[in-house]
Amino acid sequence: MSIPAIARGLVRMMAFAPLRLGSRPTKGMLRGPGESLAVAVDRTVQIFDMALSVYTLAGVRVWLTGKNKSLGGESPLDLMKRGEFDRVRAELDGLAEGVFV
């Protein structure tokens with residue numbers, strides 16, 4: 001199984017599985033207003049790919065769901081659910097550059 005396939009599986013398992021995937025947005029879904037599910041999944045997979053450049057697959061899951069001091073005590077997944085992907089990307093960019101706070 002390829003890494004993108006694993007990342008897509010994690011997206012479904014961690015964020016979308018408990019939600020109905022109809023055409024209307026659902027509370028807690030990782031997509032912005034008027035954004036298609038395909039775009040939301042693609043954006044989320046990009047975050048997973050970035051995280052995989054820093055962490056192992058198991059580490060990605062821990063990092064995504066764990067509280068993070070650099071993110072104001074929230075988990076990256078919490079921020080993503082609110083559409084704050086830029087903050088998550090910035091955190092991953094810092095980690096990739098070796099900036100640990």
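1. In this note, a contact means that heavy atoms lie within 4.5 Å. The model discussed here is predicted.

2. Overall fold. The protein chain holds 5 helices and 0 strands, and its pattern along the sequence reads α-α-α-α-α. Of its 101 residues, 37% count as buried. Among the contacts in the protein chain with a separation of 6 or more, 45% are made by residues 24 or more positions apart.

3. Confidence. The mean pLDDT of the protein chain is 75, and 64% of the residues score at least 70. Confidence is highest in helix H5 (residues 85–96), with a mean of 91, and lowest in helix H1 (residues 3–16), with a mean of 56. Over residues 15–28 the pLDDT stays under 50, although the model has 22 contacts beyond four places in sequence for this stretch. Where pLDDT is low, the predicted coordinates should not be read in detail.

4. Packing of H2 and H5. How are these two helices oriented? Helix H2 (residues 37–52) packs with H5 at an angle of about 15°, and their axes are 10 Å apart. Angles under 35 degrees count as roughly parallel, and H2 and H5 are therefore roughly parallel to each other. Their crossing is left-handed.

5. Residues at this contact. By class, the residues of the contact of H2 with H5 comprise 6 nonpolar, 2 polar and 3 charged.

Key: Residues numbered from 1 in each chain as written. Predicted model: local features only at pLDDT ≥ 70, side-chain atom pairs only at ≥ 80, totals over all residues. Heavy atoms only, no water. pLDDT = per-residue confidence, 0-100. Helix = DSSP H or I, 4+ residues; strand = E, 2+ residues; numbered from the N terminus. Axes fitted to C-alpha atoms, helices over the stretch in contact; angles between N-to-C directions. Parallel < 35°, antiparallel > 145°, perpendicular 65-115°, else oblique. Left-handed = near helix turned anticlockwise from the far one by under 90°. Nonpolar A, V, L, I, M, F, W, Y, C, P; charged D, E, K, R; others polar. Buried < 20%, exposed > 50% of the residue type's maximum accessible area, 1.4 Å probe, protein only.
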